[in-house]
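Have the 3D view ready and follow along.

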Amino acid sequence: MEWRGIEIHPDTPPEGLPIERMFRPEDTKRMMQNLRAMGAPFGIIFSDITRISNSRLALQAAEFSRDQGRFDAFHDALLQAYFAAGLDIGDFPVIAQLGRDVGLDIPALEKALGMGTYLPKLKQMQEEAAQAGVTGVPTFLLGARRTIVGAQPLEVFRNTLRSLG
């Protein structure tokens, strides 16, 4: 499996937005209940998300971490920071601390982010996702025409993989 980062809400301002500006309270409540129910069997904890972060900085930092051979650790730290701790992953000090925690070269990261080194890669991944019909995350692309969208039960993956033959 290869993680590819895309922005679902690319128009989110750099400082992020309160979640109620994007979703109705009842939709947010239902979404959080679903996330918690899906994560519970695996020990995955979801905090109340109160802010939608602009993910562009985090996605660029993730590509930097991939080049540094630290992608898995950084990606896990990002997910934990946002979903479990409720941190703003659009904030450079948060990104820098996560990077330090997994052994990234923070001055080199800051330079790459400042120069926009990974913006072309993000644009390419965004275009590829649009061509593949990706509209939400996570989306799992299986073969040429099969996708699984969202956090789904393990049985959905098993059945889909079996159908591929």
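This is a predicted model: local features need pLDDT of at least 70, side-chain atom pairs count only at pLDDT 80 or more; totals for chains, interfaces and linings use all residues.

Start with helix H5, residues 106–115, whose buried residues are Ile106, Leu109, Ala112 and Leu113. Looking down the axis of H5, you'll find these buried residues within an arc of 120 degrees, so they line one face of the helix. Here's the background: an α-helix has 3.6 residues a turn, so residues three or four places apart point the same way.

On the face of H5 turned away from the buried side sit the exposed residues Pro107, Lys111, Gly114 and Met115.

## The ends of H5

At the start of H5, aspartate 105 has a side-chain oxygen within 3.1 Å of the backbone nitrogen of alanine 108.

## Who H5 packs against

What do the buried residues of H5 pack against? Their partners are H2 and helix H4 (92–101).

Let's zoom in on the H2 pairing. The axes of H2 and H5 come within 10 Å and cross at roughly 125 degrees, so the two helices are oblique to each other. Their crossing is right-handed. H2 brings Leu57, Gln60, Ala61 and Phe64 to the contact, while H5 brings Ala108, Leu109, Ala112 and Leu113.

## A serine in H2

Is serine 65 buried or exposed? This residue of helix H2 (residues 56–67) is buried, with a relative accessible area of 0%. Leaving out residues up to four places away in sequence, serine 65 touches Arg70, Phe71, Phe74 and Leu104.

Notes. Residues are numbered from 1 along each chain as its sequence is written. Side-chain values use heavy atoms; hydrogens and water are left out. Helices (H or I, at least four residues) and strands (E, at least two) are DSSP runs, numbered from the N terminus. Buried means under 20% relative accessible area, exposed over 50%, partly exposed in between (1.4 Å probe, protein chains only). Contact means heavy atoms within 4.5 Å. The arc is that of the directions from the helix axis to the C-beta atoms. A polar contact is a pair of N or O atoms within 3.5 Å; within protein, one must be able to donate a hydrogen and the other to accept it, and residues adjacent in sequence count only if both atoms are side-chain atoms. Axes are lines fitted to C-alpha atoms, for helices over the stretch in contact, and angles run from 0 to 180 degrees between N-to-C directions. Angles under 35 degrees count as roughly parallel, over 145 as roughly antiparallel, 65 to 115 as roughly perpendicular and the rest as oblique. A crossing is left-handed if the near helix is turned anticlockwise from the far one by less than a right angle, and right-handed if clockwise.
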